[in-house]
Protein chains: 2
Amino acid sequence: MLDYALLEALAAVVREGSFERAARTLHVTASAVSQRVRLLEERLGQVLVVRGQPCSATAAGRLLCRHAEQVALLEGALRAELPALQSDAGWATLPVAVNADSLATWFVGAAAAFAQAEPRVLLDLGVDDQDHTAERLHAGEVLAAVSADEQPAPGCRRVPLGRLRYVATASPAYVARHFADGVDAATLARAPALVFDRKDRLQQRWAQRAAGQAVEMPRHWLPSSQGFVDATLAGLGWGMNPEPLVRALLAAGTLVELVPGSALDVPLAWQHTRIALPALQRLTDCVVEAARGTLEP
Amino acid sequence: MLDYALLEALAAVVREGSFERAARTLHVTASAVSQRVRLLEERLGQVLVVRGQPCSATAAGRLLCRHAEQVALLEGALRAELPALQSDAGWATLPVAVNADSLATWFVGAAAAFAQAEPRVLLDLGVDDQDHTAERLHAGEVLAAVSADEQPAPGCRRVPLGRLRYVATASPAYVARHFADGVDAATLARAPALVFDRKDRLQQRWAQRAAGQAVEMPRHWLPSSQGFVDATLAGLGWGMNPEPLVRALLAAGTLVELVPGSALDVPLAWQHTRIALPALQRLTDCVVEAARGTLEP
């Protein structure tokens, strides 16, 4: 079998981001951690950790970390069945990729329900665009992901969750200033849009549909779900906001839809590795349940 | 002088993340963009763009992009004074690094006031930890940053903004479950903490002060300011939340302080390049004004 003391050191360095902090969680010295990681690298003949601030895994390192996390989760399940092992029970960590808007709307509910059911398993949530979370799954960085991909990632199971509804919204003052002449290619090309990051294509897709042609829009970049809503309210630009986040604001009239009834739905799915991990199955149940309360069927 | 058509192509590729999208914003073909970037790379004898999804700049590429953005901002100021140039006025983009909690509390107000005053300048906000935003400034990725660094970055001016107050908070049910015996090294070592990401040391700092010694805590990782508050409310863990985000929840008793009166203040400063850019000076004014309304003096 693999030398799990070495693997555990590697996983801790990547999880904690530094050799010093990994040493503290493992209750050994930093030089012991460094030695173990180096030994593993020598055995495999390749670099596993990019030494930086924070430290991160190479592609090979990620595969080993994923394996170590899976083994820790399996150990956790075993300990639950074999109370004699319980005395030195540790914490297992489940790495998951979530899109920012799910994290801002329904995912925290799933996480809280999961933590209640599995009090010895911690969640390591990473945020990425819904079109890119599956890449993290594929790269072995996470064991599960909320993704907009319609195909299951290799070796993964895909569970449809429903559709997150996005509405093109702006403040009434913003609409009066920029869209008094209607929403078309000409007005969209002059009105700054809010865009989450380089991976966010939602505003572009909506504008293309609304204008009947591709439109080059001026853009403010703002990578924060709640910041996006706040910036829409403050009149910085118009943007595609998740309907659950702006429902009350639309009802109150502090935000308005640019084109009534032009919502854009993004179908989301839960993708997870097929390896049978009881904790992962439990998280899947919590995710499906929480998504049902917020997403459109 | 430098060939600005080439520089403009490079800056567009890095800003948009792809050659195709850069081509659309410049109204040329993707192959023209690719040719210009390659020509620039040949002249300099080094790679400027890492071709990927999205494309990103190398260290040398970043320096050139920063320069191109500065020139665009100066052009914007010139056009405002020379209306004859106005006819082909474009949009300038000002790249800024902000810590997530500032973006979730006071920064959007500054951005909105700035956009009102400078309607032809767009903001490109990047999010990073307050202890790491200055690195982005130093690396030439941004022209200004909200930072916790006490020293100005090289070539930069530092304007103190005030202190963002953090309170160690949890739900009353969480406190009853984990801290019925008080908050000390033993109870903290068993109660899951929320941690934003690998760069977030706030929970660790607070716990060390509260326990009088370093404590290894189980941690859920959750990189979202609003998600952090939601997860605290839902009982996933305890965490250091910005006081302005939880003030109402503390007053209502839906969240409680772990140790009353144990807030931790993080002094923030605005750092910006010393190059005289009128738009940057305007943004500085808006930032100082908005920070004053939220941060502790």
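Analyst: One counting rule before we start: Lys and Arg count as positive and Asp and Glu as negative, with His and the chain ends left out. Also keep in mind that this is a predicted model.

User: Okay, using that rule, how many positive and negative side chains does chain A have, and how far apart do the centres of the two sets lie?

Analyst: Chain A carries 28 positive and 32 negative side chains, and the centres of these two sets are 2 Å apart.

User: What about the overall build of chain A: how many helices and strands are there?

Analyst: Chain A has 13 helices and 11 strands. Its C-alpha atoms fill a box of roughly 70 × 35 × 30 Å along the principal axes. Of its 297 residues, 53% count as buried. Then look at sequence separation: among contacts between residues at least 6 apart in chain A, 72% join residues at least 24 apart.

User: Now the interface. How much area is buried between chain A and chain B?

Analyst: The general idea is that interface size is often given as the accessible area lost when the parts come together. Here, the area buried between chain A and chain B is about 3,900 Å², and carbon and sulfur atoms give 60% of it. On the residue side, 43 residues of chain A are in contact with 43 residues of chain B.

User: How many salt bridges are there between chain A and chain B?

Analyst: In general, side chains of opposite charge can pair when their charged atoms come close. The count between chain A and chain B is 6, and a search of the whole structure finds 32 salt bridges over all chains. One of the pairs is Glu16(B) with Arg219(A), at 2.9 Å from N to O. Glu16(B) sits in helix 1 of chain B and Arg219(A) in strand 8 of chain A, so this pair joins two chains. Both Glu16(B) and Arg219(A) are buried.

User: Which residues are linked with Glu16(A) and Arg219(B) in a network of salt bridges?

Analyst: Arg15(A), Arg24(A) and Glu216(B) are linked with them in that network.

User: And within a chain, which residue forms a salt bridge with Arg51(A)?

Analyst: That's Glu41(A), with the closest N and O atoms 2.9 Å apart. Arg51(A) is in the loop between strand 1 and strand 2, Glu41(A) is in helix 3, and they are 10 residues apart. Their surroundings can be read from relative accessible area, where under 20% means buried and over 50% exposed. Arg51(A), at 43%, is therefore partly exposed, whereas Glu41(A), at 11%, counts as buried.

User: Let's check the backbone. Where does His27(A) lie, and is it buried or exposed?

Analyst: His27(A) is in the loop between helix 2 and helix 3 of chain A. Its phi is positive, about 60°, although it is not a glycine. At 68% relative accessibility, His27(A) counts as exposed. Over in chain B, His27(B) also has a positive phi of about 60° and is exposed, at 67%.

User: Which residues does a cis peptide bond join in chain A?

Analyst: Gln53(A) and Pro54(A), with omega about 0°. Pro54(A) lies in the loop between strand 1 and strand 2 of chain A. In chain B, a cis peptide bond joins Gln53(B) and Pro54(B), again with omega about 0°.

Note on methods:
Residues are numbered from 1 along each chain as its sequence is written. Chains are lettered from A and ligands numbered from 1 in the order in which they are written. This is a predicted model: local features need pLDDT of at least 70, side-chain atom pairs count only at pLDDT 80 or more; totals for chains, interfaces and linings use all residues. Side-chain values use heavy atoms; hydrogens and water are left out. Helices (H or I, at least four residues) and strands (E, at least two) are DSSP runs, numbered from the N terminus. Buried means under 20% relative accessible area, exposed over 50%, partly exposed in between (1.4 Å probe, protein chains only). Contact means heavy atoms within 4.5 Å. The place of a charge is taken as NZ of Lys, CZ of Arg, CG of Asp or CD of Glu. Buried area is the accessible area (1.4 Å probe) that two parts lose on being put together, summed over both. A salt bridge is a side-chain nitrogen of Lys or Arg within 4 Å of a carboxyl oxygen of Asp or Glu.
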